[in-house]
Amino acid sequence: MSSRFGPKPRLGYTDSRIERAAELRPDNAAMDTLTRDPRAGTYVIGGEWIVARKNSPANEPLFSLADAKTLGPATETVFLGLLEGTPRFGYGLAPASIEALKSRNDMQVADLRSIAVQGLVAAEHLPPIAEAKAVLHWHARHRFCPNCGAATRLVHGGWRRDCPQCKTEHFPRTDPVVIMLASDGDSCLLGRSPRFAPTMWSCLAGYVEPGESFEDAVRRETREEAGITCGRVAYFASQPWPFPTSLMIGCHAQALTREIVVAREELEDARWFSKAEVETMLMRKHPQGMTTPPSVAIAHHIIRAWVEDEIGFE
Ligand SMILES: [Zn+2]
């Protein structure tokens, strides 16, 4: 659907074309065949860094497994799934290998945020890169069993680690984060983190705690960070956010109070904005140059849906 803002942009890291083919993961023979498939392609990732071959108009982040091995030894190799029958993998590199690649003229080594915002690789690669980055990060932090301390072993194509000593099976985790726009009629609540670019205002956000519903987390975080009490909460959309292993749960919330008390350890500032002002921020026409996050982030979509009157609690 389009509007006065133009066609709706794609939400970053979503709509993966890869079929995860989870049923193949425990099948060692199938995994072996897939890794020897000459059509197999792999993304090469070292922590926050994504490796791509420099190319025009967009860089090429897919390597053959043989080419990936020439870039450095794998910390782990993870099976991401099948793209029209062609296997896709994630290949982890150690920090020393990444540092060596940074000086090569034929390779681009960039962080995923820059790649996504600047469109340094084709958009279709972003979801599998996000998948690979998050699961490789999980491996890097689970080399030892949290139960008994023994070294764990990668199994099931990288979707499980087993402890040979106490026999515990460990599965990759994702951490839910609620991100919400509280509104009261024609006003919405935006905040600024000290980490933001100086002009940017965005939704409030925070981790969901154990034993908490998304709705309760939205109400708690909005009260803790800005002193605003919320009533109804409506789910909007979700987005994988591999920094390092989050899942953003986008919501709109009905604000019941107006007096803001900013938690300075969390936020630099928070205030109410009118719909007209937020519209100028979305369109990059705000008189003081204030902005909302870029369209790769779910916050952009949450804010835009409210400005376009798709959401209301009246
Ligand atoms: Zn153990």
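This is a friendly dialogue on how to read some features of a predicted model.

User: What should I know before I start reading?

Analyst: This is a predicted model, where local features need pLDDT of at least 70, side-chain atom pairs count only at pLDDT 80 or more, and totals for chains, interfaces and linings use all residues. Residues are numbered from 1 along each chain as its sequence is written, and side-chain values use heavy atoms, with hydrogens and water left out.

User: How many helices and strands are there in the chain?

Analyst: Helices (H or I, at least four residues) and strands (E, at least two) are DSSP runs, numbered from the N terminus. Here the chain has 8 helices and 17 strands. Its radius of gyration is 22 Å, close to the 20 Å that the globule rule gives for 314 residues, so the chain is as compact as a globular protein of that length. That radius is taken over C-alpha atoms, and the globule rule is 2.2 Å times the number of residues to the power 0.38. Along the principal axes, the C-alpha atoms fill a box of roughly 60 × 50 × 35 Å.

User: What percentage of the residues count as buried?

Analyst: Buried means under 20% relative accessible area, exposed means over 50%, and partly exposed lies in between (1.4 Å probe, protein chains only). By that rule, 52% of the 314 residues of the chain are buried.

User: How do I read strand pairing, and which strands are joined to E7 by bridges?

Analyst: Strands of a sheet pair through backbone hydrogen bonds, either parallel or antiparallel. Two strands count as paired if DSSP finds at least two bridges between them. Strand E3 (residues 41-46) runs parallel to E7, with 5 bridges joining them. Within that pairing, Tyr 43 has Gly 90 of E7 as its bridge partner, while Val 44 has Tyr 91. Strand E6 (residues 74-83) runs antiparallel to E7, and 7 bridges join the two; there, Leu 83 is partnered with Thr 86.

User: Is E7 covered on one face or on both faces?

Analyst: On both: Thr 86, Arg 88, Gly 90 and Gly 92 on one side are buried, as are Pro 87, Phe 89, Tyr 91 and Leu 93 on the other. In strand E7 (residues 86-93), 8 of the 8 residues are buried. The loop between E6 and E7 holds Gly 85, which is partly exposed because its relative accessible area is 39%. The hairpin of E6 and E7 has 2 residues between the strands, and Glu 84 takes a positive phi near 50 degrees there.

User: Which other strands does E3 pair with?

Analyst: E3 is joined to strand E5 (residues 62-63) by 2 bridges, and the two run antiparallel. Tyr 43 stands opposite Leu 62 in E5. E3 also pairs with strand E4 (residues 49-53) in the antiparallel sense, over 3 bridges, with Ile 50 of E4 as the partner of Ile 45. E3 and E4 form a hairpin with 2 residues between them, and Gly 47 in the turn has a positive phi of about 65 degrees.

User: What is a nonpolar core, and which residues touch the most other members of the largest one?

Analyst: In soluble globular proteins, nonpolar side chains tend to be buried together. A nonpolar core is a set of buried Ala, Val, Leu, Ile, Met, Phe, Trp, Tyr and Cys residues joined through side-chain atoms within 4.5 Å. The largest nonpolar core has 47 residues, of which Tyr 13 and Leu 190 touch the most other members. Apart from it lies another core, of 20 residues, including Val 218 and Trp 272.

User: Which protein donors does the zinc ion have?

Analyst: Donors are N, O and S atoms within 2.8 Å of the metal (3.2 Å for Na, K and Ca); water is not among the atoms, so sites may look incomplete. The zinc ion has Cys 145 (SG), Cys 148 (SG), Cys 163 (SG) and Cys 166 (SG) as protein donors, lying 2.2 to 2.4 Å from it. Along the chain they follow the spacing C-x2-C-x14-C-x2-C. Four donors count as tetrahedral if all angles lie between 85 and 135 degrees; this site is tetrahedral, with angles of 98 to 115 degrees among its 4 donor atoms. Cys 163 counts as buried because its relative accessibility is 2%, whereas Cys 166, at 28%, counts as partly exposed.

How values were computed:
Tetrahedral: all angles 85-135°; square planar, octahedral: opposite > 155°, others 65-115°.
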